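Please examine the sequence and the three-dimensional structure shown below.

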Amino acid sequence: MELCLGTVQFGMDYGIKGQKQPSMEQAVDMLDYATQNGINTIDTANAYGSAEDVVGAFLEKKTIARDKLFIVSKFRPNLLDDVGQDKYYEIMRNNLENTLSRLHTDYLNSYLLHSARYIFDDEIIDTLNRLKADGLAERVGVSVYEPEEAKKCIERPNVDFMQLPYSIFDQRMEKAGVFEYAKNNNIQIHSRSAFIQGLILMEEDEIPPFLSKAKPIVRKISLLCNRHGISRIALAMNYVKQQSRISHLVFGVDNIEQLRENIKLFEEDISVAVVDDIAKEFRNIEADIVMPSLWKK
C-alpha cells in the first residue's frame, strides 16, 4: 500500500478542528515535499475550491516529470441531475477540460464521478468511458459512500477505479463484504477518511456539540492507544494498511509538519493482533458519526 496526498485542504477550509486553508505557496511546497519523499499519487477534485489550481501550479514547476505522477480528479457533483442524456457528453467533456486546464496537463490518470449515485446510470457510465476513449483519462470510476455503490462499481466491467471511505471507525465496507467481493476484480481501490476529518485525532473536549455522541468513542480510542503506547495516527493508518485490496490511502494535511509526521508514521508497523484487538471495539459505530455528509452542523 502507498500514500496518496489528498488536496481538499489546499482548496478550502476543511475539517472539524478549525483548520485553515494554507496559502498557494505553502500548498505547493507540501506537494514538492510529498513527491520528493515517495508520494507520487495526488487526489483532487473540481469541487475542492481552488485545489486543482494549486496542483496545476505545482505541475507547472516541473520539479518531477508528469509521467512519474498519478493524478486523480473528479467530475463536479450534481451537474447531470436536471439535463437530458443528449447533454451528458457535452457537460462531462467541458467539466473535464476545465479540470485539465486548471491542472496544466492534457490527461488524468483517473477521472471519477463525485456523485456516487451516478454509478447506477448506464448512460452516465458509458459517457465516462467515452472520455476515456478520447484519451483524456487512463482510468475511470466513482467516489462512493455506501457499500451498495461500491458493489455496483465492482460489478461494472467498464469501471476500473473506485475511491471509498474506510477507517477504524468506519468498517462498513469490510462488514458488507466489499473487499472480498472485489478480490477477483481488477478494479483499483483507494481509501479515504482514515481520520474522519480529524475526528479520530481529537481530544474529547475539542469535539463540537453536533458530534457530542462521538465523545465516548474518542475517549475509548484515546485510552486504548495510551494503554498500548501507540499514536492514533499510526493506528488509523495501520488499520487501513491491513486491507490488501486497497492500493492507496488518501490523506490530507494543512501544514508541512503534519505531512512529515504522517509520512513517518505510515512506515511504522503495529502488531496486527493489537490493531485487530482495538478495531473490534469500533465495529458498530453509527453512520451519522462516521459519515461527515450526515453531520448536522
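Helices and strands are here DSSP runs, numbered from the N terminus, a helix having at least four residues and a strand at least two. Just after the helix called α3, Lys-62 takes a positive phi of about 55°. The model in view is a predicted one.

The overall form may be considered next. The protein contains 13 helices and eight strands. Its C-alpha trace spans about 55 × 40 × 35 Å along the principal axes. For 297 residues, a compact globule would have a radius of gyration near 19 Å, and the value of 19 Å for this protein therefore agrees with that expectation. Of the 297 residues, 53% count as buried. Among contacts between residues at least 6 apart in sequence, 77% join residues at least 24 apart.

Attention now turns to the largest pocket. About 900 Å³ of space lies within this pocket. Its lining is made up of 40 residues, and those nearest the centre are Val-8, Tyr-14, Ser-193, Ile-196 and Gln-197. Four elements are named as giving two or more residues to this lining: α1 (8-11), β6 (161-165), β8 (246-251) and α11 (256-266). The greatest contribution comes from α11, with three residues. By type, the lining residues divide into 16 nonpolar, 15 polar and nine charged.

The cysteines remain to be considered. How many disulfides does a search of the whole structure find? The search finds zero. A disulfide requires two cysteine sulfur atoms within 2.5 Å. The cysteine sulfur closest to that of Cys-4 belongs to Cys-153 and is 17 Å away, so the two are too far apart for a bond. Is Cys-4 buried or exposed? Cys-4 is buried, because its relative accessible area is 0%, and buried means under 20%. Cys-225 also counts as buried, because its relative accessibility is 2%.

Technical notes:
Residues are numbered from 1 along each chain as its sequence is written. This is a predicted model: local features need pLDDT of at least 70, side-chain atom pairs count only at pLDDT 80 or more; totals for chains, interfaces and linings use all residues. Side-chain values use heavy atoms; hydrogens and water are left out. Buried means under 20% relative accessible area, exposed over 50%, partly exposed in between (1.4 Å probe, protein chains only). On a 1 Å grid over the protein atoms alone, a cavity is a set of points where a 1.4 Å probe fits but cannot get out, and a pocket is an open set with protein on both sides within 12 Å along at least five of seven lines; lining residues have an atom within 4 Å of a point. Grid points are joined across faces, edges and corners, and a volume is the space filled by probe spheres set on the points. Ala, Val, Leu, Ile, Met, Phe, Trp, Tyr, Cys and Pro count as nonpolar, Asp, Glu, Lys and Arg as charged, and the others, Gly among them, as polar. The radius of gyration is taken over C-alpha atoms; the globule rule is 2.2 Å times the number of residues to the power 0.38. Contact means heavy atoms within 4.5 Å.
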